[in-house]
Amino acid sequence: MSLVPRVNNGQLELQDQSLTLQMSLHEGLLLAVALNEQLGVADQQTQKLINSFYLTLLESLMLLGIRERQLLFNEASLEALACLLRRFRGKPIAKALRENLSQRRISQVEEEALYLQAKPSATEELTQVLAPFFNHIDRQIKEGKIKLQDPKGIYF
Amino acid sequence: MDISINTSAEQLEFILGPCRASLNLNQAKALESQLAEVLLNALHEQPNYWQDLTAQLESSKAILSSLANLDSQQIVQVMQEYHQPHWLPLVRFTQKEQPELAKRLLNAIGQIKSPIFTSLEEFTNQLNTEPASSIAEVVVALEFLQPFIQALNPTPLNEAETTNQLANKPSFNTRATTFLTNLSELPHSNLRLILKGLSGKELVLVFSACKMLEITHFLTQLQSILPEKNYQQLENKSQARVEETELRSLLAKLSQELKDLKKLLNNRKK
């Protein structure tokens with residue numbers, strides 16, 4: 001038996017010979033993290049995977065219209081923002097993210113435990129903090145309110 | 001969805017929501033590397049997608065120079081006839097390539113007083129707030145610009161340009177042939193609506209152009225759409241040759257009619 005993953009219409013599909021299981025990309029990420037854990041992959045490697053996934057996502061969000069984008073970050077929980085700002089501390093994407101937040105919200109985020117100190121396990125952080133943020137984006141896409149573009153593309 | 005994995009002896013047991021799966025170590029490792037790859041590329045287009053578009057943009061951006069050669073009144077005319085959703089990618093790209101021309105485009109938009117168009121203020125707002133315009137939208141916007149500029153093409157000033165134009169002629173005729181052939185393949189009811197928007201003189205031009213370019217399918221269509229008497233009249237008035245300037249403006253008119261029709265059909269769908 002083998003399972004082959006592919007992306008179709010913004011969803012992850014796992015196929016074996018006869019069946020296809022569909023899940024969100026974020027659930028796929030969670031599966032990858034669980035798999036890494038079982039296979040004894042170094043935690044650093046797993047964190048790198050999560051960061052790369054979220055870097056692409058955030059870069060793509062930066063291509064949205066300014067109102068949709070600010071609304072989206074405004075609706076994100078303080079924990080999710082704290083987690084993202086901690087992950088990308090000192091990186092250009094953190095700066096871009098800050099530019100979409102009000103000064104008040106930035107100070108609130110900076111007081112969050114998730115921003116200040118050591119992190120929970122990757123799985124906990126994904127399921128409890130980041131999943132609601134991602135699912136909200138996913139819903140907006142399905143409702144046709146936003147469209148994620150390839151951040152490696154050429155834009156004007 | 002509940003996602004968990006348990007390892008037992010040689011197998012990894014997956015619980016994926018309502019599904020169960022078990023993989024051996026090698027299969028699990030294969031899944032792990034494929035999964036990472038697929039997840040990280042989920043938002044990326046196919047490898048050649050952006051290169052191909054860049055090449056297309058390179059070959060179609062010369063049209064901006066033709067646009068810059070028009071006088072202000074002509075630019076207003078082009079923007080007015082041009083499909084409004086293309087304004088945004090066109091102006092954004094022009095701001096980067098030819099900032100002076102971009103100012104003239106904005107100025108032209110400001111001069112369009114018709115309420116069906118976005119005002120300059122609204123448009124400037126869109127420039128700052130709408131999602132980034134992808135190169136794909138720019139390529140389409142530039143392609144759509146072509147017929148409008150061709151329709152306004154000023155008469156050549158010197159011999160060099162005349163020769164140049166003559167050299168261009170076969171390719172323009174090819175484009176005209178493609179366009180008219182495509183038009184002739186529309187359903188009768190749609191083609192009839194387009195023809196309705198034309199003056200008698202323009203209908204004669206369509207007839208002549210189809211004769212010159214040997215687009216017999218269009219003529220057959222005309223014969224079945226028009227009453228016998230009108231068809232005969234057109235045939236009698238038609239000529240075997242059409243001047244290029246006339247052909248260009250006819251094509252611009254037809255593509256505008258086609259666009260209006262599409263808009264009409266879209267509105268009906270809503």
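This is a predicted model: local features need pLDDT of at least 70, side-chain atom pairs count only at pLDDT 80 or more; totals for chains, interfaces and linings use all residues.
We may begin with chain B, where three strands make up an open, antiparallel sheet in the order β1-β2-β3. Strands β1 and β3 of chain B stand at the edges with a single partner strand each, so one side of each has no neighbour in the sheet. On average, neighbouring strands of this sheet are turned by 20° against each other, direction ignored. The antiparallel pairing of β1(B) with β2(B) extends over six bridges, and B:N6 has B:E13 in β2(B) as its bridge partner.

Chain A also has an open sheet of three strands, again in the order β1-β2-β3 and with antiparallel pairing. Here β1 (4-8) and β3 (20-24) of chain A are the edge strands, each pairing on one side only. The twist from one strand to the next averages 30°. Strand β2 of chain A, residues 11-15, pairs with β3(A) in the antiparallel sense over five bridges; A:L14 stands opposite A:L21 in β3(A).

Helices lie across both sheets. Within chain A, α1(A) lies across β1, β2 and β3, running at about 100° to β3(A). Helix α1(A) also lies across β1 and β2 of chain B, at about 20° to β1(B). In chain B, α1(B) lies across β2 and β3 of its own chain and runs at about 110° to β3(B).

Turning to the contact between the chains, 41 residues come from chain B and 40 residues from chain A. On the side of chain B that touches chain A, the elements giving two or more residues are β1 (3-8), β2 (11-16), β3 (19-24), α1 (25-40), α2 (49-60), α5 (87-97) and α8 (135-152) of chain B. Of these, α1(B) gives the most, with 12 residues. By residue type, this side of chain B divides into 25 nonpolar, 10 polar and six charged residues.

In soluble globular proteins, nonpolar side chains tend to be buried together. The largest nonpolar core in this model has 50 residues, and those with the most contacts inside it are A:L29, A:A32, A:L35, A:A80 and B:L39. Helix α1 of chain A (residues 25-39) supplies the largest share of this core, eight residues. A second, separate core has 24 residues, including B:L67, B:W87, B:F93 and B:L105. Leaving aside residues up to four places away in sequence, A:A80 touches A:V129, A:L130, A:P132 and A:F133.

Note on methods. Residues are numbered from 1 along each chain as its sequence is written. Chains are lettered from A and ligands numbered from 1 in the order in which they are written. A nonpolar core is a set of buried Ala, Val, Leu, Ile, Met, Phe, Trp, Tyr and Cys residues joined through C-beta atoms within 7 Å. A residue is buried if 20 or more other C-beta atoms lie within 10 Å of its own, exposed if 12 or fewer, and partly exposed in between; C-beta atoms are placed from the backbone. Helices (H or I, at least four residues) and strands (E, at least two) are DSSP runs, numbered from the N terminus. Two residues are in contact if their C-beta atoms, placed from the backbone, lie within 7 Å. Ala, Val, Leu, Ile, Met, Phe, Trp, Tyr, Cys and Pro count as nonpolar, Asp, Glu, Lys and Arg as charged, and the others, Gly among them, as polar. Two strands pair if DSSP finds at least two bridges between them. Axes are lines fitted to C-alpha atoms, for helices over the stretch in contact, and angles run from 0 to 180 degrees between N-to-C directions.
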